[in-house]
Amino acid sequence: WSGVRVSEIAKLVGAQDTDYVEFRSFDAPNATDRAYWSSWDRQSAMHGQTILAYGMNGQALPPAYGAPLRLFGAVKLGYKNVKYLTEVNFLDRRTGGYWENRGYEWFAGV
């Protein structure tokens, strides 16, 4: 994976002290949902291996893997790694996510 650390984005926008980070996508899993999304705790989002990925295996990220931009974090289960990323929101409150609101574990650490 190649990309930029979420912690670097947080520094650039002055949000490195927020408690939660929400990641939103233009991918809609079904007709009733507007978009896929997930939220993370600050410590996981700021982890050195949590990146906004734009490349894979030395090439541009392919659409099947979430191009043009996807969240990738080695510290979370797969459903927390949002593809087709459109928004990164630094928040002071915990929000849910597509799967989390359907009963999946919110933290989902590995």
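Helices (H or I, at least four residues) and strands (E, at least two) are DSSP runs, numbered from the N terminus. This is a predicted model, in which local features need pLDDT of at least 70 and side-chain atom pairs count only at pLDDT 80 or more, while totals for chains, interfaces and linings use all residues. Residues are numbered from 1 along each chain as its sequence is written, and side-chain values use heavy atoms, with hydrogens and water left out.

In these terms the protein has two helices and seven strands. Read from the N terminus, their order is β-α-β-β-α-β-β-β-β. The radius of gyration (taken over C-alpha atoms) is 13 Å, close to the 13 Å that the globule rule gives for 110 residues, so the protein is as compact as a globular protein of that length. The globule rule is 2.2 Å times the number of residues to the power 0.38. Along the principal axes, the C-alpha atoms fill a box of roughly 35 × 35 × 25 Å.

Next comes the sheet. Strands of a sheet pair through backbone hydrogen bonds, either parallel or antiparallel. Here two strands are said to pair if DSSP finds at least two bridges between them. Strand S2 (residues 20-25) is joined to strand S3 (residues 37-41) by five bridges, and the two run antiparallel. Within this pair, arginine 24 stands opposite tryptophan 37 of S3. S2 is also joined to strand S7 (residues 85-91), by six bridges and again antiparallel. Here valine 21 stands opposite phenylalanine 90 of S7. Together the three strands form an open sheet in the order S3-S2-S7. S3 and S7 stand at the edges with a single partner strand each, so one side of each is left without a neighbour in the sheet. On average, neighbouring strands of this sheet are turned by 20° against each other, direction ignored. For such angles, axes are lines fitted to C-alpha atoms, for helices over the stretch in contact, and angles run from 0 to 180 degrees between N-to-C directions.

What is buried, and what is in contact? A residue is called buried under 20% relative accessible area, exposed over 50% and partly exposed in between (1.4 Å probe, protein chains only). Buried residues make up 45% of the 110 residues. The protein exposes about 6100 Å², and carbon and sulfur atoms supply 49% of that area. Accessible areas come from the Shrake-Rupley method with a 1.4 Å probe; for residues, only the protein chains shown count as cover. Contact means heavy atoms within 4.5 Å. Among contacts between residues at least 6 apart in sequence, 64% join residues at least 24 apart.

A nonpolar core is a set of buried Ala, Val, Leu, Ile, Met, Phe, Trp, Tyr and Cys residues joined through side-chain atoms within 4.5 Å. The largest one here has 18 residues, and those with the most contacts inside it are Val6, Val21, Phe23, Trp40, Leu52, Leu71 and Phe90. Helix H1 (6-13), S2 and S7 are the elements that give two or more residues to this core. Leaving out residues up to four places away in sequence, phenylalanine 90 touches Val6, Ile9, Ala10 and Val13, among others.

Leucine 52 belongs to strand S4 and is buried, with a relative accessible area of 6%. Beyond its neighbours within four places in sequence, leucine 52 is in contact with residues including Val6, Phe23, Leu71 and Val88.

Loops also supply buried residues. Valine 82, in the loop between S6 and S7, is buried, with a relative accessible area of 0%. Valine 82 and arginine 24 are 58 residues apart in sequence, yet 7.1 Å apart in space, C-alpha to C-alpha. Among the residues that valine 82 touches are Arg24, Trp37 and Leu71.

Some backbone details remain. Most residues other than glycine have a negative phi, and most peptide bonds are trans. Asparagine 57, in the loop between strand S4 (50-56) and S5, has a positive phi of about 55° although it is not a glycine. Asparagine 57 is exposed, with a relative accessible area of 68%. Alanine 108, in the segment after S7, also has a positive phi, near 50°, but counts as buried at 3% relative accessibility. A cis peptide bond joins alanine 67 and proline 68, with omega about 10°. Proline 68 is found in the loop between strand S5 (59-60) and strand S6 (70-73).
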